[in-house]
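Trainee: I'd like to learn how to read a model like this one. Can we go through it feature by feature?

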Amino acid sequence: MKSIWKSFRYGARFRFMMTGSRMSEQSRPSAHVCGNYYSMKAEESRVPLPHGSVAPIAQPLPAASQIVPQSDPRHACTFHRRRYGSAPGHSRVVKDGRFAALKDVDIAHFRQILGDRGVVVDSDELKVANTDWMNKYEGHSQLLLRPQTTQQVSEILQYCHAGRLAVVPQGGNTGLVGGSVPVFDEVILNLGAMNKILSFDEASGILVCEAGCILESLDNYVGSRGHTMPLDLGAKGSCQIGGNVSTNAGGLRLLRYGSLHGNVLGLEVVLADGTVLDLLGTLRKDNTGYDLKQLFIGGEGTLGVVTKVSIITPPKLASTNVAFLACEDYVSCQKTFAEAKQQLGEILSAFEFLDRYALEMVLKHLDGTRDPLPDSKQKFYLVVETTGSNQIHDKEKLDAFLESAIEKGLITDGAVAQDISQAASFWKVREGIAEAAGKSGAVYKYDLSIPLKDLYTLVEDMRSRLKDFAAVVGYGHMGDGNLHLNILAPKYDNELLAQIEPYVYEWTAAVKGSISAEHGLGFMKAKAIHYSKSTAAVQVMAGFKNLLDPRGILNPYKVLPIPSESPVISEAS
């Protein structure tokens with residue numbers, strides 16, 4: 001094996017530094033996760049589907065409805081064009097007439113529940129809470145509430161339910177689909193003050209905490225006790241566990257630890273009428289009746305407000321290795337992933353991919369980044385991470401995997417991090433793509449689940465379709481089939497948008513993919529849900545919504561299409 005590595009080091013520009021390194025998973029630098037922005041469109045156009053694909057059996061989508069514009073910002077939702085957004089100009093949607101307007105008597109009542117410190121009417125604080133973290137959406141709420149207990153949340157929702165006041169549950173406000181900010185003047189219910197850790201069982205690794213706990217704080221807490229949180233996000237320094245659960249956040253550890261549907265053991269949820277639903281179990285096995293908590297994992301606050309979470313945390317492993325690899329084509333990326341699963345097995349913790357366009361964009365727009373493989377000019381790159389309990393064992397498995405991938409011609413170049421700093425620099429390239437895209441101009445962002453064999457074909461199709469009118473960048477979580485498709489242009493343009501949508505939605509539907517892999521639907525994609533879910537499925541979802549929130553006050557205009565409007569969002573002039 002030494003002779004093999006020697007020949008590759010000096011004969012084919014391979015720089016595999018097989019010293020291995022011990023590094024904490026927490027050493028990975030925090031960065032913004034890729035955004036996703038499904039833009040609004042003026043009309044629908046049918047487009048060719050991928051070669052060899054079969055269109056799914058689904059009810060045809062009607063033409064986009066006309067949304068009546070309103071001049072008063074209290075009655076019309078306006079989303080201005082911002083740097084990170086995809087919507088050209090602005091779009092409007094009519095306010096639901098069932099909801100009452102906020103009055104002074106309402107504010108006085110909330111002060112009785114929360115005291116003065118829990119009721120925010122300051123315009124500067126409200127502006128921050130009304131605007132999503134990527135500056136895509138801005139609501140017009142006149143009131144933010146900060147409860148400290150489940151009882152206070154219950155009393156607030158009971159009052160809002162009786163008075164038909166619409167409410168937006170809000171955590172760290174790091175969402176990417178407009179789900180955590182008001183569309184109009186809904187009352188903002190921020191859970192950030194509910195940030196207590198209630199219990200932690202070091203033997204089982206089961207953590208029970210309130211919904212407002214910051215993800216990174218929880219990771220630090222359990223990390224000091226020999227465990228780690230089962231999810232890792234670029235926004236972990238700001239996002240809250242209640243919001244993570246409500247959006248079923250994915251992230252970089254999903255390949256290793258699975259989704260929150262499996263890791264969350266129990267929830268406490270307050271329903272729209274103030275009823276407290278105690279589902280806060282800590283058992284790995286509980287097969288008594290329907291598993292109701294699953295409705296609220298990914299429910300985006302439309303069915304109930306998550307106030308407490310019980311979650312299993314896996315052991316924190318001592319050995320971590322990160323490799324940055326180059327591949328000639330996407331087929332080689334797929335085969336390398338298959339090889340990694342077979343050779344690395346239980347220690348494989350992340351498998352990310354990016355194309356050359358993404359790498360060059362990061363190097364151009366982000367200070368402090370450098371090309372891990374400066375002599376390599378391949379079309380694709382991989383970031384492979386392993387975590388295990390024995391550095392010697394892990395190093396041997398990683399060496400065997402890399403040797404096998406080289407001998408089979410799957411990778412052409414690569415480097416293995418020698419220390420924490422180098423590992424962080426590898427991850428900075430991958431996690432900095434979204435930020436770099438935002439600095440490149442107008443960005444149309446899409447977060448898609450696509451069968452692995454078809455994943456990059458969409459990127460190539462979009463390049464052929466758009467030609468020189470826009471640059472197309474592809475990257476994402478190859479380990480779980482999640483493509484982040486970014487389309488970059490000098491400015492937002494309706495004609496360009498018409499070439500992108502609904503083509504991307506239809507393409508994804510044709511290969512039986514999902515229009516939302518990990519970011520949720522929020523407001524942006526609520527009317528596009530039919531591309532991924534059948535009419536019958538959406539009707540069942542609407543039935544749950546009507547059962548648990550009959551007056552529709554919880555996070556309105558999100559997740560499900562408004563019954564009176566078409567499944568496709570239209571743009572008003």
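Trainee: How many helices and strands does the chain have?

Mentor: First, the ground rules: this is a predicted model, where local features need pLDDT of at least 70, side-chain atom pairs count only at pLDDT 80 or more, and totals for chains, interfaces and linings use all residues. Residues are numbered from 1 along each chain as its sequence is written, and side-chain values use heavy atoms, with hydrogens and water left out. Helices (H or I, at least four residues) and strands (E, at least two) are DSSP runs, numbered from the N terminus. Here the chain has 18 helices and 16 strands.

Trainee: What percentage of the residues count as buried?

Mentor: Buried means under 20% relative accessible area, exposed over 50%, and partly exposed in between, with a 1.4 Å probe and protein chains only. In this chain of 573 residues, 58% count as buried.

Trainee: And which share of the contacts comes from residues 24 or more positions apart?

Mentor: A contact means heavy atoms within 4.5 Å. Among contacts in the chain with a separation of 6 or more, 78% are between residues 24 or more positions apart.

Trainee: How many aromatic pairs are there?

Mentor: Rings of Phe, Tyr and Trp (its six-membered ring) pair if their centres lie within 6.5 Å; planes under 30 degrees apart count as stacked, over 60 as edge-to-face and the rest as tilted. The structure holds 15 such pairs. Take F337 and F351: their ring centres are 4.9 Å apart with planes at 50°, so this pair is tilted. F337 sits in helix α10 (residues 330-344) and F351 in strand β11 (residues 348-355), 14 residues apart. F337 is buried at 4% relative accessible area, and F351 is buried at 1%.

Trainee: Why is the pair of F380 and Y456 edge-to-face?

Mentor: Their planes are at 75°, with centres 4.6 Å apart, so the pair is edge-to-face. F380 lies in strand β12 (residues 380-388) and Y456 in the loop between β14 (442-449) and α15 (457-466), so the pair ties together parts that are 76 residues apart in sequence. F380 is buried at 5% relative accessibility, and Y456 is buried at 3%. Together with Y330 and F353, F380 and Y456 form one aromatic cluster.

Trainee: Where does the charged end of R225 sit?

Mentor: A charge sits over a ring if NZ of Lys or CZ of Arg is within 6 Å of the ring centre and within 35 degrees of the ring normal. The charged end of R225 is over the ring of Y221, 3.8 Å from its centre.

Trainee: How do I describe two packed helices?

Mentor: You give the angle between their axes and the distance between the axes. Axes are lines fitted to C-alpha atoms, for helices over the stretch in contact, and angles run from 0 to 180 degrees between N-to-C directions. For α15 and helix α17 (residues 503-510), the angle is about 145° and the axes are 11 Å apart. Residues T457, L458, D461, M462 and R465 of α15 meet Y503, V504, W507 and T508 of α17.

Trainee: Is S349 buried or exposed?

Mentor: S349, in strand β11, is buried at 4% relative accessibility. Leaving aside neighbours within four places in sequence, S349 is in contact with residues including L252, R256 and E385.
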